[in-house]
Each structure stands twice: as C-alpha cells, then as structure tokens.
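Morning, everyone. Please bring the model up on your screens, and we'll walk through it together.

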Amino acid sequence: MDGSRESDNSVVSKKPANKEGAAAPSAERVEKRGLAEGNAGEQSRLRTLGRESMNQALTRIRQATRQRPGEQLTALWHHVYNVDTLRDAFYGLNRKAIAGVDGETWVEYEKGLEANLRELSERLKRGAYRAPPVVRTYIPKGDGGKRPLGMPTLEDKVVQRATVRVLNAVYEEMFLNFSYGFRPKRSPHKALDALYMGLSRRKINWVYDADIQGYFDAIDHEWLIKFIEHRIGDQRVIRHVKKWLRAGVLEDDQYRQMDEGTPQGGSASPLLANIYLHYVLDLWVKQWRKRQGQGDVIIVRFADDFVVGFQHKQDAERFHDALQKRLERFRLKLHPRKTRLIEFGRFAARDRGRRGEGKPETFDFLGFTHICSQTHDGKFVIRRQTIAKRLRGKLHQLHLEIKRREHWRIADVGKWLGTVIRGHCQYYGVPGNYAKLREFQQAVLRLWRRAVRRRSQRSRATWSRMFHLSARWMPAVRITHLSPWQRLFV
C-alpha cells in the first residue's frame, strides 16, 4: 500500500500472490538518540483518546480476518507505528524491568515520552528502525535445567508489544479453541479446566503426554515466515519480524547470530511460537482427529506442552508415529523423557487391577500432577496436586531467600512471606489440593523458624511464638479456584 493511503485506518486484503514481492530496502543504521523533552501532563488524555480509535481499528481488522478467511491482509503496519498504539504499549510494560543492551529504563524514557514516541513512529514509518540484539540470561527450571531468557531494549519492547496487539486481532480469529498458551483472555487454569472436563466427560482411556524438545530454540525461521505470509501480506510487518529473528543475542559480552529459534523474553516470541505450532500441530491434529481417529480424541495445548486423550490405544499409537514424522518435517522433535503414553481414565484402575499392574500412572501438566481417584461414593474423579518436584524446588529457593533476609525486621519478613503464601494459593489453590497447600505453608513456617533461631544464640523462636507470628502475618491457605464443573459446565 503506498504512502498516500497510510493515514487511512481501513484494512486492505488481497488474494495470496504466487510470487514474493520485491526485495525490501535495507534499513539504514540509526545512532542512539538522546532523550527528548515532552509534556507529561497530557499523557492520560492522549492515551484515553487513542484507545477508542485503536479499538475501532482492531475491530475492523478482526472483521476483515473473519469475513475473508482465504485472503492476505495488506495494510497493517500503519496501525503499529500509530503514536496512540505505541503509547498504550509503553504503559503496558513492567516499569521495574531490567534494561536491555542500551541501558535505557522505563522512567528515563517517560520523561520525554511524547517526543520519544513521535520520533520512534517516524523511524518505523520510513523503515529505519533497527532491532538491537537481546541480552540473554538464564533462569532455573523445575527439572533442574536452565531456561534461556532474553532482555530486549525498552524501545524494542514497545514496538514488539504494539505489533503483537495488531497481529493478535488477526490470529485470534484463526487460532483453534484447544490452544491456550500466551493468548488474550486465556490462562493456564482455563487449560487445566478444559483438560479436566475432557477427561471426565469424554470416553478417554489413554493419555498421551507430549513435550517438544527445546521448542523456542528450534523454530525454523524460513518456515515461520512462510506461515506468516500465508495471512499477512503487508511486507513491512514481515520485514520487522525478520529483524527480530535475526537480531541475535548478547551473552557474556559475546554477540551471536540466531539462525533458528525465537529469543524468549519479548512480546513477539510467544505469538510467533503460537503461529508456528498453529500450522505445524493444531491444524494437523484437527484433520487427523476427523479423518483417522476411530474413537474419542481430545487435545489441550499450552505453548509447546500438550496433552492428547484417546479412547483407543491403537489411535494413540498411530498418532504418535504420525506426529513424529510431522514434526521432523518442520525441524522439531518430541522430548524423549517427557513424552509418554499412559493408561488413564475412569476404567484405568479396574482394567489395570485385572491385569495385576497396580494403580494407574499419573501425568504432570502446568504445575499439577493428575491422578485417577474416586469420591467417597465410588465415582471417578481426577485429583490434581502440586507437582512434588516443583514444590521442593520452590521451597529450596525460599530457603535461600529467607537466609538472605534473616537479619531483616521480623515484621518485614512476615509481610513478604504473606505475599508468597497468597501468590502460591492464587495459582495452586484448586479443589482437591488443600493438603498440599497446607504442606507448603507449614514448610515455609519451619524455614522461617530456622532463620529466626540463627539470629541470636539466645533465640526465643519457640513454636508457640512462631504460631503467633504465623497467625499475624501468614494468611490461611484456601482454595481460590472454582471446580471445573462450576466454571465450565453449561
């Protein structure tokens, strides 16, 4: 779309072209500019006015996507470099996040926000924006390994967040209902509830628990761009996605070019990962279930972690073989230790008992171990408990943090531990998990008592005193989530 029409908020679409367009002009190198001054008093009013027009534009994008499912959208980039979109993206960022490679913080950027955003908008408009490398660090995982995490610059976060907001208007109309990871108005607990209802109400006897090995680092750039171009015809969007993919990472002061994978940490990475699996896995599973499944088949996916339930074991085995071939085509592979097929469901205990194989196996998904169980009157029920390894890992981290704070005031440590308990219950407080919540709270209290006893040789950290401190600062553990039957059953 030519520059004379970029001010128009309409969405233009066209049928997929047979050939790629002309090569994009290379972006010019731009030196880091100093902070500009602006009037902070007008920001709230500008942000309110901008949101209404932006929401209207996103509504038109969603309508165009829905009404013309086989066509490309060719006029999207002007919504990204709109100053209102950039401003809203800026205020959606974490103000205390660690700075990227340029060292610029949220507070510094806000001092001249309006001028900074206008200058950024101009660079995006003329194609002069250059994606800087991402600073890579590592965070511990529940299985003892380390997960790579990228830290983009603040300005790159703004651009990525604005781009994701526009692209979400397109892809949220396309993504399938069993995909829950990193999507607006979806959460791990909605995925857990959907899985619970599927296993409880459908004829599921086998569970295929799958995990894609090193998924975010294995995404093929060429395939990803092809998938995006299937629906996005605006080459300016494509060019900027390529910039993020090729920006590279800075690790231990050493720069490394990225030939595959998406650097985790920015807003664009989760969306790009979802787009990749939408074409590689979701659409394929939908067709496989319709054409080759002989019995009931359910699936719930959260990012690269997904669970598939089958009525018949033969379906599960054929699915596993077909899935491996499908993933290999797109340079992905299943994790050998985290992918397995188990007998699970309302008849699993009975059938395994007849064969003398003991209790049904369990599987882990999104922080919970899923267990075949029964109510007092003998009805089948799925019990969900905090994964034991994850619980131990969290307590180990808390032990180190409490030691670091052992010379703080008792009141300050108590307030902090109160927030830890509330946060833990907010996620793990599902029906049937009360005993594990109590176990966590009691373990935290024991760790706190050890720290108080180390403060002095004449410690008064009796259990009576610790129970008093616990009652004052630690909230009572409670179930914070409704039963899936209450939340989803209609």
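Strands here are DSSP runs of E, at least two residues, and helices are runs of H or I, at least four, numbered from the N terminus. This is a predicted model, where local features need pLDDT of at least 70, side-chain atom pairs count only at pLDDT 80 or more, and totals for chains, interfaces and linings use all residues. Residues are numbered from 1 along each chain as its sequence is written, and side-chain values use heavy atoms, leaving out hydrogens and water.

Back to the pairing. E5 and E10 (residues 340-343) are antiparallel, over 4 bridges. Two strands count as paired if DSSP finds at least two bridges between them. E5 also pairs with E9 (residues 305-310), again antiparallel, through 6 bridges. There, Trp206 has Phe310 as its partner.

Now the whole sheet. It is open, with 4 strands in the order E8-E9-E5-E10 and antiparallel pairing. Which strands sit at the edges? E8 (297-302) and E10, each pairing on one side only. From one strand to the next, the twist averages 15 degrees.

What packs on this sheet? Helix H11 (residues 268-291) does, touching E8 and E9. Its direction makes about 175 degrees with that of E8. Angles run from 0 to 180 degrees between N-to-C directions, and axes are lines fitted to C-alpha atoms, for helices over the stretch in contact. Helix H12 (residues 313-329) lies across E5, E9 and E10, at about 145 degrees to E9.

Is E5 covered or open? Mostly covered: 6 of its 6 residues, 206-211, are buried. Buried means under 20% relative accessible area, with a 1.4 Å probe and protein chains only. In a regular strand, side chains alternate between the two faces of the sheet. On one side of E5 we have Trp206, Tyr208 and Ala210. On the other are Val207, Asp209 and Asp211, and both faces are covered.

Last stop, a helix pair. The axes of H14 (residues 388-404) and H15 (residues 410-428) come within 13 Å and cross at roughly 165 degrees. The two are therefore roughly antiparallel, the term for angles over 145 degrees. Contact means heavy atoms within 4.5 Å. H14 brings residues including Leu391, Leu398 and Ile402, while H15 brings Trp416, Leu417 and Val420, among others.

Conventions:
Angles under 35 degrees count as roughly parallel, over 145 as roughly antiparallel, 65 to 115 as roughly perpendicular and the rest as oblique. Buried means under 20% relative accessible area, exposed over 50%, partly exposed in between (1.4 Å probe, protein chains only).
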